[in-house]
Amino acid sequence: MSKRVGLEASFAAAEAARMADVDVIAAYPITPQTHIPERLAEMVADGELNAAYIPVESEHSALSACLGAAAVGARTFTATAGQGLELMHEVVYVASSMRYPIVMTICNRALSAPLSVWGDHSDAMAVRDAGWIQVFCQNNQDAFDMTLWAFRVGEDPRVLFPVMVHFDGFHLSHVTEPVILPEQKEVDRFLPRFQYPFALTPDKPMTHGAFGPPDIYSEAKIAQEVAFRKSKDVIIQGFKEFGDIFGRYYHPVEPYRTEGAKVLLLTMGSFSETAKIAIDTKKNKGESVGLINLRLWRPFPFEELCQAVKDAETLIVFDRCISFGGPGGPVSSEIRSALYNEKERPRVVSFIGGLGGRDMAVKDFEYVIDQGREIVEKGSEELFETVGIRGEVTGIRG
Amino acid sequence: MDGKFIKFGKNLVTTDEFVAEGHSFCVGCGEALALRLACKALGKDVIIANATGCIEICTSPLPVTSWRVPWIHTLFENTGAEISGIEAGLKILMKKGKMPERDIKCVAVAGDGGTSDIGMQALSGAFERKHDFLYLCFDNEAYMNTGIQRSSATPYGASTTTAPAGKLSIGQTTWKKNMAEIAVAHDIPYVATACPSYPFDLINKVKKGGEVKGPAYVHIFSPCPTGWRYPTDLAIEIGRLAVETGIFPLYEVENGRYKLNIDRPKLRPVEEYLKPQGRFRHLLDGEIAKIQEHVNEEYAKLKAKVACFAA
């Protein structure tokens, strides 16, 4: 029997890693990720998890140790946040380019300076082009489910890419919610034993990580891109198989009460749950609104997104990150780009808020929807709008 | 541990080559020779993690490779961490019965920059955590692969492209970082220095380092004709002079106990080592005397450590 327990997202992710029977964990503590490595270290110390826990001396080394462990065929897990992900940055690219299916939790955190341990999506956006499969979680059940799913999809021989599971620092990482934990035999049915086909062994010497001269580098990178895009089929298949076993079905793009809605709000991560309440409130008042939760961030779900928003007049995209001097928030600029060639497409309005742990309450999302609708009606020249920022914000023009 | 390892006679060194021909090392490269000998000492049951650097670049242009043993390169500064993951991965997979139990040596290979500069943090972490691995530092005393830029392993007075000798400078103005002593300070079971001019000594030390349980470190002096500017047929002689002048003494530290492997009754003057090399050509007598004095002091300190354990 599966059981329903109270867990914060950090413990839910650690529990998923335990049930996945990970072989190697290498991690370095950073707020707000600390509860994940702490819990895993405790499990190893208590014999609940038969794994090697490597208490490395930096995040750069955390992911580097994962590269080594994955190269010999170990199921490998790590977790970090904010500055830790930035310190890992070059290793992040190597993990995907060398096709090591490492699973990494990111407890999303703002980037310095000024130092902030609190949540936003700046860390995730800085690695968006690094070739990892990336999903965002709405709640703690997601945190468990996506972690388990990440191993299944990343390790699929048709995929062999690392997976980042994002959940918001503090808003999820440190908040207890009910989580349904499955039975081990169900997990084992969903997640077969990891058999890395290119493991380093003296029996069959292989060279991993030879350098790419100009006459081969381009082909290597394009091959990686083709394989990465193809992984979307397995990603969707993985969601289906997960649902068939555990009863919870996930999708790359998840509409909420969007039928016939003229105005859509798009959010990622834990804010989607708050935004849903704003949508409910507005629906009750008879307004034509709906929500899109963008779960799969990479590979970007172009078809699914275009399909989900094609009938709307206005699409309000909410970003928790600034792209300094760029075309609005990173998510909104990607969505504008994704929709540009579509014949039927909504007008996109970009909002930025929720930076460095600034909370967004239900009424704030109601404000965003009202403002977004007004901007489209009036026609605005601003590249993006801000919400919840004190003082007048001017001069954000293209 | 003495006596456990037999001396390698000429006919007893394996004829197997684990680094294949067709690599792109410079003519007369001391490092290539040292690598060849080290790999013979290790045999085929290894996994090698190689930092970015001369060895990596000269042996692995896609789509070909010189490596006949399992080999991985990922980045420059992370070799200590990467080998930690390899070692921990193998150990747990064997413990969990996912892989048959066997002895596979985990060996990290890096240059002096990858070790004593950018890779030191990751290496220090791996030493401190006491992973079972051997780390080989091939020291050619500068960033040779990128064009002879100074590192912390560059010796005092050497001219490099980023610390060039000029009207106002003698080149490198700091003494060489003593990486072997930094390894000793981590309280690991085996540390040694080696030089390919003494091939059997090098083979013995690499073999010993591979067999020790826990971290082992062998610092290999690797003469570089391109960067040090000496004729390409002098690698062996330059290595010998480094040892015989006391500039690079050959010693071992087993469980903290020091032992000098080559101990001449009288050191040769450092001038004999410095003169053939273009990188030291600008040094005047006063600077050479200063280097002599420093070598004398360092050698005396080393002898004192050896003497501690002689009784």
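Why is H7(B) described as largely enclosed by the rest of the structure?

Modeller: Happy to! Keep in mind that this is a predicted model. The helix you picked, H7 of chain B, covers residues 199-211. Of its 13 residues, 11 are buried, so H7(B) is largely enclosed by the rest of the structure. A residue is called buried here if 20 or more other C-beta atoms lie within 10 Å of its own. In H7(B), the buried residues include Pro199(B), Leu202(B), Ile203(B) and Val206(B). Charged residues are also among them: Asp201(B), Lys205(B), Lys207(B) and Lys208(B). Gly209(B) and Gly210(B) are buried as well.

What surrounds the helix? The buried residues of H7(B) pack against helix H1 (30-42) and against strands S3 (105-111), S4 (134-139), S7 (190-194), S8 (216-221) and S9 (251-254), which belong to chain B. As for its geometry, H7(B) reaches 18 Å from first C-alpha to last, close to the 18 Å expected at 1.5 Å a residue.

Now to where the chains meet. The contact takes 40 residues from chain A and 39 from chain B. On the chain B side, the elements giving two or more residues are strands S1 (46-50) and S2 (71-72) and helices H3 (79-95) and H5 (120-128). H3(B) supplies the largest share, 12 residues. By class, that side has 22 nonpolar, 10 polar and 7 charged residues.

In S2(B), Trp71(B) is the bridge partner of Thr207(A).

How values were computed: Residues numbered from 1 in each chain as written. Chains lettered and ligands numbered in written order. Predicted model: local features only at pLDDT ≥ 70, side-chain atom pairs only at ≥ 80, totals over all residues. Contact = placed C-beta atoms within 7 Å. Helix = DSSP H or I, 4+ residues; strand = E, 2+ residues; numbered from the N terminus. Pairing = 2+ DSSP bridges. Expected span 1.5 Å × (residues − 1). Buried ≥ 20, exposed ≤ 12 C-beta atoms within 10 Å, placed from the backbone.
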